[in-house]
Amino acid sequence: MSTSLTPAEARHAAELLASRSLIRLLTEIDDNGAIPPRRLAGTLPDLSSHQLRCASDTARAHGLVRVAPGAGLELTESGMELADLYDALARWARRHSLPAAVCEFSSRVQHVLGLLAPSLTPGNADRPGPLPSVRPTSVEAEADLACVRTLLIQWLVGNPQVARAEPERAV
């Protein structure tokens, strides 16, 4: 399976998906349910108000969350699928102790997205991305990385708005 992303689109998609504040917002909603907008700061105190605003605006603009009357920000189907993808990426990184044996969830997700980003363009579609040269590469790690790459590509194919620099605004 391959994508038809240009290098700029692949870079944009990887940067957007690797946003720590977006990862935190989506996984918090996935783990604990809808968040009333006025409770965002209390729910995610490690993020500044600017980071929270940017993350929620980005998530809404790309169709990952919606405002449910009486409930607050909740995940859309695409948002739920992305939260599942984040879990798969973090599991791969944890299984292979990357980027470190102990680190936070968002760092693991960011690390794997960084590994996979180069393989999202047509010219590099045959390789899932290089593993860090400081660690021996195992056949199992490469096979597992190819599996999470497939999940990422499937998600991107179903959500092409994420690769666009300017998402389409809902009317």
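Predicted model: local features only at pLDDT ≥ 70, side-chain atom pairs only at ≥ 80, totals over all residues.
Which residues of helix α1 (residues 7–17) are buried? They are Ala10, Ala13, Ala14, Leu16 and Leu17, where buried means under 20% relative accessible area and exposed over 50%, with partly exposed in between (1.4 Å probe, protein chains only). Viewed down the axis of α1, these buried residues fall within an arc of 165 degrees, so they line one face of the helix; the arc is that of the directions from the helix axis to the C-beta atoms. The face turned away from the buried side carries the exposed residues Pro7 and Glu15.

Residues are numbered from 1 along each chain as its sequence is written, and side-chain values use heavy atoms, with hydrogens and water left out. Helices (H or I, at least four residues) and strands (E, at least two) are DSSP runs, numbered from the N terminus.

The cover over the buried residues of α1 includes α2 (20–32), α4 (49–61), α5 (77–95), α6 (105–116) and α7 (139–158). Neighbours within four places in sequence aside, Leu17 is in contact (heavy atoms within 4.5 Å) with residues including Ile23, Leu82, Tyr86 and Trp155.

Turning to α4, its buried residues are Leu52, Ala55, Ser56, Ala59 and Ala61, and what covers them includes α2, α3 (40–43), β1 and β2. After α4 comes Gly63, with a positive phi near 70 degrees. The backbone oxygen of Gly63 lies 2.5 Å from a polar atom of the Thr76 side chain. Thr76 sits in the loop between β2 and α5 and counts as buried because its relative accessibility is 11%.

The two strands complete the picture. β1 (residues 65–68) and β2 (residues 72–75) pair in the antiparallel sense over four bridges, pairing being assigned if DSSP finds at least two bridges between two strands. Arg66 stands opposite Glu74 in β2. The strands form a hairpin with three residues between them, and Gly70 in the turn has a positive phi of about 80 degrees.

Note on methods:
Polar contact = N/O pair within 3.5 Å; in protein donor to acceptor, adjacent residues only side chain to side chain.
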